[in-house]
Amino acid sequence: MKTFKFIFLLIGVSLMGCSDLEEKPIGILAPDGFFQTTKDIQTAVEGAKTHAINEKFWGRKLSIALMLRSDMVNLQSDQTRRVEHDMLTTLTDNGMISEFWLKTYQGIAAANLAIEGAAQVDVADDLKNPIVAQAYFIRAFYYFHLVRQFGAIPYLDANVTDAEAGGSIGRTPAAEVYANIIKDLEFAKTWLPPTQPSAGIPSKAAASSYLSLVYLTMAGTSDKAMFQKAYDEAVEVITTPEYGLDLDSNFQNLFNANVIDGSPEPIFALDYNNVEASDNAYDQVAPMTGIRGDDRNSGGGWSVAVPTEAVYASFDQADYRTRVSFEEEANIGGTFVTYENFTISGHVHARNTPYIAKYTRYPGPFARGSGRATSHNYSMIRFAEVLLIAAEAGVEIGQTGPALSYLNRVRTRARLGGAYKTGADVEMTFAPSAVPADLTSITVTDVLEERRIELAFEGKRWYDIARRRLGDAGNGDVFGAGGYEGAKPDFDENDYLMPLPGDELDRNPNLQPNNPGYN
């Protein structure tokens with residue numbers, strides 16, 4: 001008898017208000033009978049969003065995998081599944097992949113549940129569609145991550161209810177998945193309000209911003225029609241005053257859980273709330289990137305994902321973003337040290353190099369030691385990225401004047417400097433600087449470099465490498481001997497996609513064959 005593994009949803013509700021999510025199991029919500037009012041639809045939508053904050057998704061597994069697969073972070077751990085991501089030798093039984101694969105599909109199933117249930121609520125479209133549109137947005141958000149990681153995947157826009165149907169699911173071509181993502185985002189853009197009380201709630205601005213990023217991704221290296229769509233959509237976001245978006249005047253504010261709620265820059269964020277929720281629904285990014293033995297955050301970091309010396313050296317010391325992005329000093333066991341002596345902790349994984357600072361300085365209140373279960377708002381897309389999408393797409397379609405203007409807006413903000421706190425818990429002010437100076441001409445390479453600096457360690461770099469094929473010798477060779485991490489000798493074209501989890505293929509032969517290069 002053939003057995004099938006089913007995903008049973010744990011639908012979360014928000015106990016902390018509409019922006020801070022807490023995943024709390026309340027059982028299985030069936031569309032029949034539960035959905036009576038628009039409030040019931042919103043409850044299901046909140047459940048769909050909470051899967052994204054889980055440790056198996058952005059709380060650790062996916063966010064850290066994206067860092068390790070890029071060219072900016074070295075692995076200080078010897079855990080096999082992390083080594084595979086860092087060296088791009090990922091196997092089909094990699095536990096990080098199987099965990100965020102399952103969690104992502106749980107989020108999709110929850111979004112489908114909200115959409116299906118909404119059909120049973122007998123109210124006018126103008127009352128329920130702005131809520132249902134949140135579910136369409138979050139479904140697109142999950143699928144966008146999946147298709148970029150795996151290519152052709154099972155695409156489900158309704159929940160599977162029986163074993164026979166579950167055993168016949170196949171893979172949907174990537175182009176069709178992208179078409180469905182666009183359709184969902186267009187529905188969301190039509191029905192969502194221009195703004196929301198929190199960046200943790202999808203808005204029309206968020207849907208439009210993601211459309212621009214989807215088009216940019218689909219453009220690859222040469223599709224002018226897609227670059228045009230990306231440009232038009234990004235410019236619409238930039239020039240629509242109702243969205244109320246702007247660059248934050250202080251770059252550090254974007255990584256300060258205590259003030260980011262008031263920032264005009266985040267467009268869509270995963271908003272944590274200082275709760276160690278069940279099922280690991282909290283974040284662990286701060287300890288994964290933090291300094292071993294650091295006196296802060298009740299236990300310091302675990303020294304897992306650490307920038308290389310070459311990455312640090314590639315940042316201009318006169319650029320304020322260097323101060324915000326890197327931790328160069330700390331108090332370790334009561335002793336002040338600079339990064340040349342971080343190994344004073346005596347731990348085998350400690351490293352004498354600057355660490356990532358974006359997630360350890362201002363975590364806000366946190367529920368577990370070592371800076372776990374923080375109050376961080378992780379920006380999934382922010383206004384600076386939309387400016388850089390417009391810049392990159394603009395160069396590709398010949399709009400170099402506006403493209404240069406958009407890129408220089410990002411550099412202008414960096415020159416403002418601002419207040420920040422060092423790793424030794426000392427409040428500092430970085431004075432306005434002439435660096436980075438405005439560019440006077442612009443190329444795609446300029447934009448990609450600006451993205452690398454501006455969005456460093458935010459889970460963006462790997463996706464840029466993959467869509468632009470920067471691992472290829474003719475496009476940058478970022479994994480060659482001259483790369484920031486040195487040579488990754490096993491990298492080849494197949495590594496732009498990850499393998500589908502082996503246990504999924506064992507359960508359902510219709511998903512085979514795996515991606516090229518994987519058994």
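1. Strand β5 (residues 329-332) and strand β6 (residues 335-338) pair in the antiparallel sense, and four bridges join them. The structure under review is a predicted model. Within this pairing, I332 stands opposite T335 of β6.

2. The two strands, β5 and β6, make up a hairpin with two residues between them. In the turn, G333 has a positive phi of about 60°.

3. The side chains along β5 alternate between two faces.

4. Two packed helices are described by the angle between their axes and the distance between the axes. For helix α3 (residues 61-69) and helix α4 (residues 80-87), the angle is about 45° and the axes are 7 Å apart. The helices α3 and α4 are therefore oblique to each other. Their crossing is right-handed.

5. Which residues of α3 and α4 meet? From α3 they are K61, A65, L68 and R69, and from α4 they are R81, R82, H85 and D86. By class, this contact of α3 with α4 has five charged, two nonpolar and one polar residues.

6. G502 lies in helix α18 (residues 502-507). Its relative accessible area is 15%, so G502 is buried. Although G502 and D93 are 409 residues apart in sequence, their C-alpha atoms are 5.6 Å apart in space.

Methods:
Residues numbered from 1 in each chain as written. Predicted model: local features only at pLDDT ≥ 70, side-chain atom pairs only at ≥ 80, totals over all residues. Heavy atoms only, no water. Axes fitted to C-alpha atoms, helices over the stretch in contact; angles between N-to-C directions. Parallel < 35°, antiparallel > 145°, perpendicular 65-115°, else oblique. Left-handed = near helix turned anticlockwise from the far one by under 90°. Contact = heavy atoms within 4.5 Å. Nonpolar A, V, L, I, M, F, W, Y, C, P; charged D, E, K, R; others polar. Buried < 20%, exposed > 50% of the residue type's maximum accessible area, 1.4 Å probe, protein only. Pairing = 2+ DSSP bridges.
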